[in-house]
Amino acid sequence: MEADNCKSVKDPLVMTETKRGFLQLHASVVLAGFTGLFGRLITLNEVDIVWYRMLFTTCILLVFTGLPRVGWRKFMQLCGCGALLGLHWTLFYGSIKASNVSIGVICFSLIGFFTAIFEPLLFRKRFSWTELLFALVTVAGVMCIFSLDSRYRYGIAIGIVSSAVCALYAICNKKASVGVRSRTVLMYQMAGGLVAVTLMAPLYLALFPSEQPVVVVPGGTNLWFMLCHALFCTVGMYILQIQALKRLSAFTVNLTYNLEPCYTIALAFLIFGEGREINFSFYIGLSLIVLSVLLQSLRALKKPAAAGHDAQ
């Protein structure tokens, strides 16, 4: 038995699939780094941004995939995941609008912490103190990068809920996407999320009034930014993420996404020329985030068989 386990761990095919999963994962994280920037570039309220993002993405995917047949139960699972994604996006952009891009992406880093708690509960797995430790190291790193101003408590609260919802989405999506092509998964999730956001929008806007009015048809630069947002940061990013989830654990995927704040901040420096002072604590925080991701990646590579089993 021991020899069989050792052989499966060292199986070149399993190792190749795991490495491919990491390549797909990090490519999706780079694309995700642009998401917060589009939240600033697009001058619409958060509900408009999410609604049109899902609408454009659904239309793009419909052209390339058509309407593939899936079982009714699988269809409902995918639509349910889409509803979670739509809620996460709405809260994420709401956090940015209520504070700033930095606060929004900082709160997003808590996704690893929530995943380390939710995944064992939902899948009835053993609770991993190692995974929780990695998540806490990441949170400590992000806290070193920025001090959370008390003026942004409202935006921080929304961002924390957003990261919890996103953790649930990733965990549920891992199970719901089994046996379905990535493009099909994303299309039905976008369609389900579009319906959910449409139904949720009146209640959300009543509870959280926005300074930006509802725009029926976006125009000018907003239209072009929304199209780019849908094509690259949604279709491209989520197809890569879904493919990575088939080869890696949900925790590994979510923890690696803690690099997104670093990419977003770096891109903001480059594109917007934001005059944030980079001090010693910034480098300490960045080092902690990279360390936590590196440790989890090495741990996953040493146990490719277990990761492959989780992805089934």
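Accessible areas here come from the Shrake-Rupley method with a 1.4 Å probe, and for residues only the protein chains shown count as cover. On that basis the protein exposes about 14,800 Å², with carbon and sulfur atoms supplying 69% of it. This is a predicted model, in which local features need pLDDT of at least 70 and side-chain atom pairs count only at pLDDT 80 or more, while totals for chains, interfaces and linings use all residues. Residues are numbered from 1 along each chain as its sequence is written, and side-chain values use heavy atoms, leaving out hydrogens and water.

Let's start with the overall picture. The protein has 15 helices and zero strands; both are DSSP runs numbered from the N terminus, with helices (H or I) of at least four residues and strands (E) of at least two. Of its 312 residues, 49% are buried, where buried means under 20% relative accessible area, exposed over 50% and partly exposed in between (1.4 Å probe, protein chains only). Among contacts (heavy atoms within 4.5 Å) with a separation of 6 or more, 91% join residues 24 or more positions apart.

Leaving aside residues up to four places away in sequence, Val-197 touches Val-47, Val-50, Trp-51, Met-54, Gly-86 and Thr-90. From Val-197 to Met-54 there are 143 residues in sequence, yet 9.1 Å in space, C-alpha to C-alpha.

Now to helix packing. Two packed helices are described by the angle between their axes and the distance between the axes. Axes are lines fitted to C-alpha atoms, for helices over the stretch in contact, and angles run from 0 to 180 degrees between N-to-C directions.

The axes of helix 6 (residues 101-108) and helix 9 (residues 153-176) come within 8 Å and cross at roughly 40 degrees. The two helices are therefore oblique to each other; angles under 35 degrees count as roughly parallel, over 145 as roughly antiparallel, 65 to 115 as roughly perpendicular and the rest as oblique. Helix 6 contributes Ile-103, Cys-107 and Phe-108 to the contact, and residues of helix 9 including Gly-155 and Ile-160 take part.

Helix 7 (residues 111-123) also packs on helix 9, at an angle of about 45 degrees with the axes 9 Å apart. Helix 7 and helix 9 are therefore oblique as well. Their contact includes Phe-114, Phe-118 and Glu-119 of helix 7, together with Ile-160, Ser-163 and Lys-174 among the residues of helix 9.
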